[in-house]
Amino acid sequence: MIRFGRYPDRLVEQFASDAVRAALADSGIDPELITIAVASHSSQGRVAGQRVLKELALTGIPTINVENACAGGGTALHTAWMAVAGGFHDAALVFGMEKMEKGLIVGNPGEYEAAMGKTLPAKYALRARSYMQHYGATAAQLAMVSVKNHRAGALNPMAHYQNTMTLDEVLSSRPVAEPLTLLQCCPTTDGAAAVVVVSEALARQARSRPVRIVASAVTSGAYRNAGRDGISSDDDITVRAAAKAYEMAAMKPADVHVAEVHDAFTIGEILACENLGLCPRGEGGIWAEHGNTAIGGRIPVNPSGGLLSRGHPLGASGVAQVAELTWQLQGRCGERQVQGARVALAHVVGGSTPGIGSGACAVHILTT
Amino acid sequence: MSAAPQSQKPPTPMEPRIGKWEIINGRVELSASRCLSCGETFFPSRKVCLRCRGETMEQVRLKGPARLKNFTVIHQVPAGFTKPLVAGYAEFEPGVSVFAPIDAPSTELTSGSTLLDVHIGPIRTDKNGDSLIAYKFRPFRDADRG
Ligand SMILES: [Zn+2]
């Protein structure tokens, strides 16, 4: 991947091809062996994947462009995993990229809640209020997620924001949608990330020690009526993806040593940890407050700094998570290294549609 | 209190995607659909049930008072909206909730107990600065019903 940030003077083709070049070089896989590419982006225009690969003269191979909002990167990896695990291809290239517009992400035409003023931060704010009311979580517990992730991001040379911040700074930043303040919302960030997925036979040729994908699951939002079903669509989509992934890996949440989860907003990380089974239901806020999810804690979550600190170029985030976890499993993360990490979990979730909630979710489990 | 926008032109209703409403005896009723197979109710109304895929729906009307389920105050608002925007979900019957702006300061609202009524008022302005109207919520007062 490239360092995430703001690149007003660079084309997406330029910085995304840099990310692809870096991944290919790191993998040591001969580019000639790549027979399929999957590119994730949300608003980079038609055939953006092909436009990026043209920069590297990687032309002619089937290239699939994936749009799944914030879960696009994980969906692209899942697509490549199906191609390779299914035996159709030996080597696949996965990359995600986004050059973001400043400000709010505009809601989809055709969705009444967005038309009535419900923004993405408002969606998470409503989830936060409902969570706080139900479990007695505090505004400070939510804000601690941002403090923790910025502390980690300060150790990540790939992060957009590499500065720490105090609890008071997070809480006193301007409100975006109550109770979420500006520093509890992911920033506007450009970036790209890439990984190479190969068969076991080809993996033996890899230069860096490869990691294994032991589970890959994608789910879509399903209708849930929280009052009747006991769970909201937004929580259910992750619960189902996680259940699939744990079953595929023959693992349980307690087996995970490190996780990168969808923290576009602070409450998102808390709910993701609970929906993934990484901490008990209702205790996500307490776990953040007590440092259980910090590097060195019981289950380090977002050691990269997460979307809050690394930044969130929509289509790139899911791939950047997997780049980070690959480096974590390879023991290459320096000061932010999670000691003894042998099992890693990546989680992204995105989109918002009344009735089905979040549109897409991807969960991957990687091992050494 | 009438929330009609101050404009010479008649106010423009918002696009149909936000759902339909009718004013009956001075009171706003939202048009929803109920699945005859499983009983699930949807607003805006739809043709295929999201729960059971049933395609036989009956039209039902949702009217206040509805109970405030959850709300937020949005400070970074979409184009055309005035900030801060108080908005949230009102539950009209068990399991049937609608999202809309709320004409009340957040200090007057309590999730789970405040009763809300539906009225028609300005939601946002369009590109020309003209006001677009639709359903929204305000605290329910028995006196309003007279
Ligand atoms: Zn039904």
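These legends accompany several close-up views of a predicted model.

**View 1. Four cysteines of chain B hold the zinc ion.** The protein donors here are the SG atoms of B:C35, B:C38, B:C49 and B:C52. These donors lie 2.3 Å from the zinc ion. If you follow the chain from one donor to the next, you will find the spacing C-x2-C-x10-C-x2-C.

**View 2. The site of the zinc ion is tetrahedral.** Look at the angles among the four donor atoms: they run from 102 to 118°.

View 3. Is B:C35 buried or exposed? B:C35 has a relative accessible area of 2%, and because buried means under 20%, this cysteine is buried. B:C38 has a relative accessibility of 33% and therefore counts as partly exposed, the class between under 20% and over 50%.

**View 4. The second largest pocket has a lining that includes residues of both chain A and chain B.** Its volume is about 1200 Å³. How many residues line the second largest pocket? There are 42 of them, and A:I105, A:V106, A:G107, A:N108 and A:A114 lie nearest the centre. Helix 4 (112–115) and helix 5 (120–135) of chain A, along with strand 9 (115–125) of chain B, each provide at least two lining residues. Helix 4 of chain A gives the largest share, three residues. By type, the lining of this pocket divides into 16 nonpolar, 14 polar and twelve charged residues.

**View 5. The largest cavity has a lining made of chain A residues.** Rolling a probe the size of a water molecule over the atoms shows where empty space is left. A search of the whole structure finds three cavities of 30 Å³ or more, and the largest cavity holds about 80 Å³ of space. Elements giving two or more residues to the lining of the largest cavity are helix 5, helix 10 (233–249), helix 11 (266–275) and strand 9 (343–350) of chain A.

**View 6. Here are the residues around the largest cavity.** Which element gives the most to the lining of the largest cavity? Helix 11 of chain A does, with four residues. Lining residues to look for include A:Y124, A:R127, A:D234, A:D235, A:H262 and A:H347. The lining of the largest cavity is made up of four nonpolar, five polar and three charged residues.

Key
Residues are numbered from 1 along each chain as its sequence is written. Chains are lettered from A and ligands numbered from 1 in the order in which they are written. This is a predicted model: local features need pLDDT of at least 70, side-chain atom pairs count only at pLDDT 80 or more; totals for chains, interfaces and linings use all residues. Side-chain values use heavy atoms; hydrogens and water are left out. Donors are N, O and S atoms within 2.8 Å of the metal (3.2 Å for Na, K and Ca); water is not among the atoms, so sites may look incomplete. Four donors count as tetrahedral if all angles lie between 85 and 135 degrees; four count as square planar and six as octahedral if opposite donors are over 155 degrees apart and all others between 65 and 115; anything else is irregular. Buried means under 20% relative accessible area, exposed over 50%, partly exposed in between (1.4 Å probe, protein chains only). On a 1 Å grid over the protein atoms alone, a cavity is a set of points where a 1.4 Å probe fits but cannot get out, and a pocket is an open set with protein on both sides within 12 Å along at least five of seven lines; lining residues have an atom within 4 Å of a point. Grid points are joined across faces, edges and corners, and a volume is the space filled by probe spheres set on the points. Ala, Val, Leu, Ile, Met, Phe, Trp, Tyr, Cys and Pro count as nonpolar, Asp, Glu, Lys and Arg as charged, and the others, Gly among them, as polar.
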